[in-house]
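Student: I am new to this one. Could you walk me through it with a few questions?

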Amino acid sequence: MPDKAGAPPRAWQRMLSGRRLDLLDPSPLDIEISDIAHGLARVARWNGQTRGDHAFSVAQHCLAVEQIVRRLKPDADRTLLLMALLHDAPEYVIGDMISPFKHVMGGDYKAVEGRLHMAIHLRFSLPAETPSAARKLIKRADMIAAFHEATRLAGFTIAEAGTYFGRPRTVTADGLPLTPQPSATVEAAFLARFAELEQPPARPGEKG
């Protein structure tokens with residue numbers, strides 16, 4: 001219903017940075033990494049149905065996916081790794097919808113998600129559309145992370161998780177950040193990894 005008589009419904013969200021992000025027409029200028037990290041660290045994967053004293057957040061999932069991409073492609077450049085770290089970044093605004101609900105929502109959800117994803121990429125000087133090869137690799141890493149999360153945290157059997165996500169053959173759960181952590185800890189880790197990836201590598205002869 002309208003916010004006031006005759007006024008259209010509000011379609012923007014105020015962020016802690018002070019930005020007002022329009023969900024219908026998101027501007028890259030209204031996107032801040034601090035808002036993304038803060039939000040993702042507080043959005044629960046699996047609708048919160050995970051083991052542990054804390055929710056397993058989307059931020060932790062993104063850190064795991066970025067690490068898996070590095071294992072799958074050791075020579076990955078910073079652009080690919082940033083796209084992996086930010087692959088679920090729109091969820092800092094729209095939340096983490098489980099796959100069954102996405103199917104129910106249909107195209108509207110995907111359209112909003114797509115616009116946010118493009119704006120986030122443009123904000124951080126990434127390709128507006130993720131290139132096909134990178135998209136496939138990130139999706140593969142995403143499914144590997146989902147399998148390990150499902151079996152270690154969300155109560156899935158190995159056979160059941162294999163049916164939905166495929167059973168990883170090359171990437172084990174060893175070393176992945178799969179122990180749910182407090183949101184402030186995860187937020188700091190996400191920001192730290194983003195800062196590492198955003199910083200261009202030093203040229204030969206330059207000091208780091």
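Here is a short talk about helix packing and aromatic rings in this predicted model.

Student: How do helix 2 and helix 3 run, roughly parallel or roughly antiparallel?
Tutor: Good place to start! Helix 2 (residues 58-72) and helix 3 (residues 78-85) pack with their axes 8 Å apart, at an angle of about 150°. Angles over 145 degrees count as roughly antiparallel. Therefore helix 2, relative to helix 3, is roughly antiparallel.

Student: Which residues of helix 3 make the contact with helix 2?
Tutor: Helix 2 brings C62, L63, V65, E66, V69 and R70. The residues of this contact divide into 8 nonpolar, no polar and 2 charged. On the side of helix 3, the contact is made by L80, L81, A84 and L85.

Student: What kind of aromatic pair do F124 and F194 form?
Tutor: F124 lies in the loop between helix 6 (107-123) and helix 7 (132-152), while F194 is in helix 9 (residues 183-198), 70 residues apart. Both F124 and F194 are buried. Their rings are 5.1 Å centre to centre, with 70° between the planes. Planes over 60 degrees apart count as edge-to-face, so the pair of F124 and F194 is edge-to-face.

Student: And F165, is that residue buried or exposed?
Tutor: F165 pairs with Y164 in a tilted arrangement, 6.4 Å centre to centre and 55° between the planes. Y164 has a relative accessible area of 54%, so Y164 is exposed. The relative accessibility of F165 is 19%, and buried means under 20%. F165 therefore counts as buried.

How values were computed:
Residues numbered from 1 in each chain as written. Predicted model: local features only at pLDDT ≥ 70, side-chain atom pairs only at ≥ 80, totals over all residues. Heavy atoms only, no water. Axes fitted to C-alpha atoms, helices over the stretch in contact; angles between N-to-C directions. Helix = DSSP H or I, 4+ residues; strand = E, 2+ residues; numbered from the N terminus. Parallel < 35°, antiparallel > 145°, perpendicular 65-115°, else oblique. Contact = heavy atoms within 4.5 Å. Nonpolar A, V, L, I, M, F, W, Y, C, P; charged D, E, K, R; others polar. Phe/Tyr/Trp six-rings, centres within 6.5 Å; stacked < 30°, edge-to-face > 60°. Buried < 20%, exposed > 50% of the residue type's maximum accessible area, 1.4 Å probe, protein only.
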